[in-house]
Amino acid sequence: MLRKWKQQSPYHLMLIPSLVLVFIFCYIPFYGLIIAFQKYNPGLGFNSPWVGWDNFTHIFNQPNFVRTIWNTLYMSVFKIIGGIIVPVIFALLLNEVLHSGIKRTFQTLVYIPNFLSWVIMAGIMLDILSSDGIINTFLSVFDIAPISFLGTPSIFPWTMIVSDIWKGFGFGTVVYLAALTSIDPGLYEAAVIDGAKRWKQTIYITLPLLMPTIVLMTVLSLGNVLNAGFDQIYNLYSPVVYQTGDIIDTYVYRLGIQQAQYSIGTAVGLFKSIISSVLVAVSYILAYRVAGYRIF
């Protein structure tokens with residue numbers, strides 16, 4: 001064990017700065033969670049009156065909070081489903097491209113949006129989805145009236161879902177392309193000898209061997225069910241679409257920052273954090289049992 005420690009000690013020393021930052025910015029703020037159990041007054045600080053579970057009782061009696069939970073789950077689930085299906089399909093199609101230059105070009109193009117922040121992407125989407133933007137201009141060719149993608153409550157959630165999939169599917173494509181390269185080419189050669197066409201090869205060879213990676217990515221996504229994308233929605237939503245576009249994170253922001261209801265905002269955030277922690281733990285347990293994935 002001493003020999004092993006001496007070999008690994010440089011790596012542990014390299015972790016110290018990161019651990020210090022995590023401790024300062026992630027663990028020390030835990031003390032502030034007591035605000036959720038107080039009637040917080042900035043003038044009194046943490047000596048504010050203690051109210052126990054009253055803040056939690058208050059938020060669960062608010063119809064708006066129940067609505068934000070539904071909106072969060074609705075958008076998150078469809079984002080996860082689309083974030084699995086679209087990259088798999090695109091990776092399978094891109095894997096059929098034989099010209100390496102064209103293949104790398106498409107791979108780069110779909111991966112670029114993943115590096116852009118939602119502040120930049122929001123500006124791009126506002127131009128694309130405006131009444132005189134590219135999409136509505138194209139629809140006008142077919143005599144279709146302009147659609148308010150960001151101002152119609154029934155359309156706004158799907159605009160968020162589709163745009164999130166568009167922004168992130170490049171990363172998933174890279175993951176699945178890497179998994180495809182590990183498949184033994186001899187299996188395809190044997191299938192060709194047996195008379196199997198490309199579709200049969202995909203159904204009976206590619207997808208079954210790709211399934212462990214698909215299952216792993218799906219299971220690991222479960223921990224983000226309550227994270228519907230604050231950056232995306234905050235930069236694109238408006239009071240007109242609060243009914244269908246407001247999620248837990250934006251609700252907490254408005255309560256805690258804009259309306260200065262610090263105790264209520266902290267209570268909502270604490271509730272979400274506890275549920276998310278449980279989901280993350282469950283997702284890693286499932287990932288280990290289903291796909292054999294483990295961190296340690």
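Student: Which residue lies over the face of Y188?
Tutor: That's R198, at 5.8 Å from the ring centre. A charge counts as sitting over a ring if NZ of Lys or CZ of Arg is within 6 Å of the ring centre and within 35 degrees of the ring normal.

Student: What kind of model am I looking at?
Tutor: A predicted one: local features need pLDDT of at least 70, side-chain atom pairs count only at pLDDT 80 or more, and totals for chains, interfaces and linings use all residues. Residues are numbered from 1 along each chain as its sequence is written, and side-chain values use heavy atoms, with hydrogens and water left out.

Student: Back to R198, then. What does R198 form a salt bridge with?
Tutor: With E96, and the closest N and O atoms are 2.9 Å apart. The pair links distant parts of the chain: R198 is in helix α9 (residues 198–221), E96 is in the loop between α3 and α4 (100–111), and they are 102 residues apart. Helices here are DSSP runs (H or I, at least four residues), as are strands (E, at least two), numbered from the N terminus.

Student: What counts as a salt bridge?
Tutor: A side-chain nitrogen of Lys or Arg within 4 Å of a carboxyl oxygen of Asp or Glu. In general, side chains of opposite charge can pair when their charged atoms come close.

Student: How many salt bridges does the whole structure have?
Tutor: Three. One of them joins R254 to D246, with 2.7 Å between the closest N and O atoms, and both of those residues are buried. K272 and D249 also meet through their side chains in a salt bridge, 2.7 Å from N to O. K272 lies in helix α13 and D249 in helix α12 (residues 248–258), so this pair ties together parts that are 23 residues apart in sequence. K272 and D249 are buried as well.

Student: Which residues of α12 are buried?
Tutor: I248, D249, T250, Y251, R254, L255 and G256. Just after α12 comes A260, with a positive phi of about 60°.

Student: What makes a ring pair?
Tutor: Rings of Phe, Tyr and Trp (its six-membered ring) pair if their centres lie within 6.5 Å; planes under 30 degrees apart count as stacked, over 60 as edge-to-face and the rest as tilted.

Student: How many aromatic pairs does that give?
Tutor: The count comes to 24. Among them is Y31 with F46, which is edge-to-face, at 4.9 Å centre to centre and 85° between the planes. Both residues are in the loop between α1 and α2, 15 residues apart. Y31 is exposed, with a relative accessible area of 52%, while F46 is partly exposed at 37%.
F65 and F271 make another edge-to-face pair, 5.7 Å centre to centre with 70° between the planes. F65 lies in helix α3 (residues 63–95) and F271 in helix α13 (residues 262–291), so the pair ties together parts that are 206 residues apart in sequence.

Student: Is F65 buried or exposed?
Tutor: Buried, at 0% relative accessibility. F271 counts as partly exposed at 21%.

Student: Last one: what happens at the start of helix α8?
Tutor: At the start of α8 (residues 185–193), a side-chain oxygen of D184 reaches to within 3.0 Å of the backbone nitrogen of G186. After α8 comes G195, whose phi is positive, near 95°.

Definitions and conventions: Buried means under 20% relative accessible area, exposed over 50%, partly exposed in between (1.4 Å probe, protein chains only). A polar contact is a pair of N or O atoms within 3.5 Å; within protein, one must be able to donate a hydrogen and the other to accept it, and residues adjacent in sequence count only if both atoms are side-chain atoms.
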